[in-house]
Amino acid sequence: VTGIATATAFHGDGSQLTGISVGITTESITPSGITTHILLDSADDHKVLATGNVTIDVTGGTEADSHQIRIENVGVATVGFSTAFLFPSGGTPSLPTASGSFSLVSFTVHKVGAAGTILFAGASVNFS
């Protein structure tokens with residue numbers, strides 16, 4: 001076949017297929033004292049290099065998709081989350097504020113709609 005072929009099924013091991021994107025995609029964001037919007041449709045892994053007062057909010061997403069936010073304080077930073085993030089405790093976690101601190105927040109998209117995105121977020125982990 002030369003050109004574009006459309007199929008309803010493929011049989012074989014797929015070892016010669018090319019142009020297929022596989023794996024986790026990473027988005028890097030450097031906010032400084034602002035609300036930063038993470039576009040959930042663009043990546044699965046979001047690295048935030050935070051300075052100052054930063055609030056993380058989200059847009060988009062697909063129900064049941066899993067994501068993670070890796071936060072590195074590149075200066076003294078106070079990081080908060082929008083109301084889209086629902087944490088097990090009912091409140092946002094306390095993240096370290098010291099420069100050089102690292103935190104990880106994992107979450108799953110629960111609902112996307114006209115009223116906004118709702119996320120089930122796991123407890124944060126501090127790696128500092």
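Buried means under 20% relative accessible area, exposed means over 50%, and partly exposed lies in between (1.4 Å probe, protein chains only). The views show a predicted model, in which local features need pLDDT of at least 70 and side-chain atom pairs count only at pLDDT 80 or more, while totals for chains, interfaces and linings use all residues. Residues are numbered from 1 along each chain as its sequence is written, and side-chain values use heavy atoms, with hydrogens and water left out.

**View 1. A salt bridge joins the side chains of Arg70 and Asp45.** A salt bridge is a side-chain nitrogen of Lys or Arg within 4 Å of a carboxyl oxygen of Asp or Glu. By this rule the count comes to 1 salt bridge. In the pair formed by Arg70 and Asp45, the N to O distance is 2.7 Å. The pair links distant parts of the chain, with Arg70 in strand S4 and Asp45 in strand S3, 25 residues apart. Strands (E, at least two residues) and helices (H or I, at least four) are DSSP runs, numbered from the N terminus. Asp45 counts as buried because its relative accessibility is 3%, whereas Arg70, at a relative accessible area of 32%, is partly exposed. Side chains of opposite charge can pair when their charged atoms come close.

**View 2. Asp57 is buried yet has no salt bridge.** Asp57 belongs to strand S3. The nearest side chain of opposite charge is Lys111, 15 Å away; for charge, Lys and Arg count as positive and Asp and Glu as negative, while His and the chain ends are not counted. The side chain of Asp57 instead has a polar contact of 2.8 Å with that of Ser82. A polar contact is a pair of N or O atoms within 3.5 Å; within protein, one must be able to donate a hydrogen and the other to accept it, and residues adjacent in sequence count only if both atoms are side-chain atoms. Contact in general means heavy atoms within 4.5 Å. Not counting residues up to four places away in sequence, Asp57 touches Thr35, Thr36, His37, Ile38, Ser82 and Ala84.

**View 3. Strand S2 has a covered face and an uncovered one.** In S2 (residues 35-39), Thr36 and Ile38 make up the covered face, and Thr35, His37 and Leu39 the uncovered one. In a regular strand the side chains alternate between the two faces of the sheet. S2 pairs with S3 (residues 45-59) in the parallel sense over 5 bridges; two strands pair if DSSP finds at least two bridges between them. Thr35 has Thr55 of S3 as its bridge partner. Leaving aside residues up to four places away in sequence, His37 touches Asp57 and Thr59. The contacts of Ile38 beyond four places in sequence include Glu27, Ile29, His46, Val48, Ile56 and Ile69.

**View 4. The largest nonpolar core has 22 residues.** A nonpolar core is a set of buried Ala, Val, Leu, Ile, Met, Phe, Trp, Tyr and Cys residues joined through side-chain atoms within 4.5 Å. The members that touch the most others are Ile38, Ile56, Ile69, Ile71, Val79, Phe81 and Phe85. Two or more residues of this core come from each of S3, S4 (66-81), S6 (102-113) and S7 (116-121).

**View 5. Strand S6 pairs in the antiparallel sense with S4, S7 and S8.** There are 7 bridges between S4 and S6, with Gln68 opposite Ser106 of S6. S6 and S7 are joined by 6 bridges and form a hairpin with 2 residues between them; here Val112 stands opposite Thr117 of S7. With S8 (residues 125-126), S6 has 2 bridges, and Asn126 of S8 is the bridge partner of Ser103.

**View 6. Phe87 lies in the loop between strand S5 (85-86) and S6.** Phe87 counts as buried because its relative accessibility is 8%. Apart from neighbours within four places in sequence, Phe87 is in contact with Phe81, Thr92, Pro93, Val105, Ala121 and Gly122.

**View 7. Ala64 has a positive phi, near 80 degrees.** Most residues other than glycine have a negative phi. Ala64 is located in the loop between S3 and S4, and it counts as exposed because its relative accessibility is 55%.
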